Amino acid sequence: MEQGKQKKWRSFTVAFLLTTAFLSLVMTGAVMVVQPSMPQTHAEAETPEYHYRPLAQDTLTVLVVGVNSQNTPGDFLLLRFNPQYGQVPLSLLPPETAVTLNGRGITLAQAYRSGGGQQAADALSRRLGIVIDRYASLNRDMFITLAEKTGTVVYTLPYDVSYTRDGFDVNLAAGERRLDGQDIADLFGYPNFKDGAIGKSEFLGGLVEAIINQNLNAASEDLSPGLFRLAVNLIRTNITYTDYEMRRQAADFTAKLETQVAGNLPLSGSVLESGAFELSEEYVNTVRQYFQMIS
């Protein structure tokens, strides 16, 4: 029973970290220039009334891993804070994502289990041909501590979500809903997403997108220092206080923008006979448009 309960929390911890630690850590300011427009974002930015231009060096790409109490990985959230384009592209990848390690085909989950977050980030970097700067992982208990600091999010559920969790019925009807932390946890624990890994990535990636866009104030000078300190002392990560301090002004700049900065990149690929999920070249090329490529 406890093991099943932990599995249901793996994916949700990924999303919540985004709304607290990483939103506070590296939300960077926006100067709109030529770049592919973000999926599912429409509002235009209004520049704050002070002269400040975030630098290219403020950009940071992070791989966030949700784990259970035994440090077994669930879904992987890839996100990039891009200061020059005012964008936060993100994508939710399944643990079965196919990568390579020392010339041998494995999954992201296997890379993490054998070498931790850094090895998983390196393996995904090679598969996608991009630079992943940092990683972080957190479990259910870490999430519960952080959850007290978040608010609600308005999100349109594409279909009804109904299942039993730990002996309790979960019923969330389709349509626009205001979701609290428990509702979001229930959504990330849902075991029957339509269209498998692709459908799950679309559903939950869209939810993460909404959480970021509706909580930009967490990046403000008033809120971000406390949130960062709380999160960095709880999670497992190679992110440093220097990483945060270098982006603190840019984060405050972003909090003053009236725009939707986050966009979910749609996952595509196929399941191999081995059970691994092979990313499509179309998806890989899309990711490369928004993330820094390996030179």
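Predicted model: local features only at pLDDT ≥ 70, side-chain atom pairs only at ≥ 80, totals over all residues.
I started with the sheet: six strands make an open one, ordered β11-β6-β1-β2-β3-β12, with mixed pairing. I took strands as DSSP E runs of at least two residues and helices as H or I runs of at least four, numbered from the N terminus. Two strands pair if DSSP finds at least two bridges between them.

Numbering runs from 1 along each chain as its sequence is written, and side-chain values use heavy atoms, without hydrogens or water.

I checked how β12 is attached: β3 (residues 88-93) pairs with β12 in the parallel sense over three bridges. L90 sits opposite N264 of β12.

Next I looked up what covers these strands. Helix α2 (residues 108-128) lies across β1 (60-67), β2 (73-81), β3 and β6 (134-138), and runs at about 35 degrees to β2. Axes are lines fitted to C-alpha atoms, for helices over the stretch in contact, with angles from 0 to 180 degrees between N-to-C directions.

Then the hairpin. β8 (161-165) and β9 (residues 168-172) run antiparallel and are joined by five bridges. T164 has D169 as its bridge partner in β9. Two residues lie between the strands, and D166 takes a positive phi near 50 degrees.

On to the helix pair. The axes of α4 (residues 181-188) and α5 (residues 196-213) come within 11 Å and cross at roughly 155 degrees. The two are therefore roughly antiparallel (over 145 degrees; under 35 is roughly parallel, 65 to 115 roughly perpendicular, the rest oblique). I184, L187 and F188 of α4 make the contact with F203, L204, L207, V208 and I211 of α5, contact meaning heavy atoms within 4.5 Å. By class I got eight nonpolar, no polar and no charged residues.

Y159 is in the loop between β7 (153-157) and β8, and F203 is in α5, so the pair ties together parts 44 residues apart in sequence.

Definitions and conventions. Nonpolar A, V, L, I, M, F, W, Y, C, P; charged D, E, K, R; others polar.
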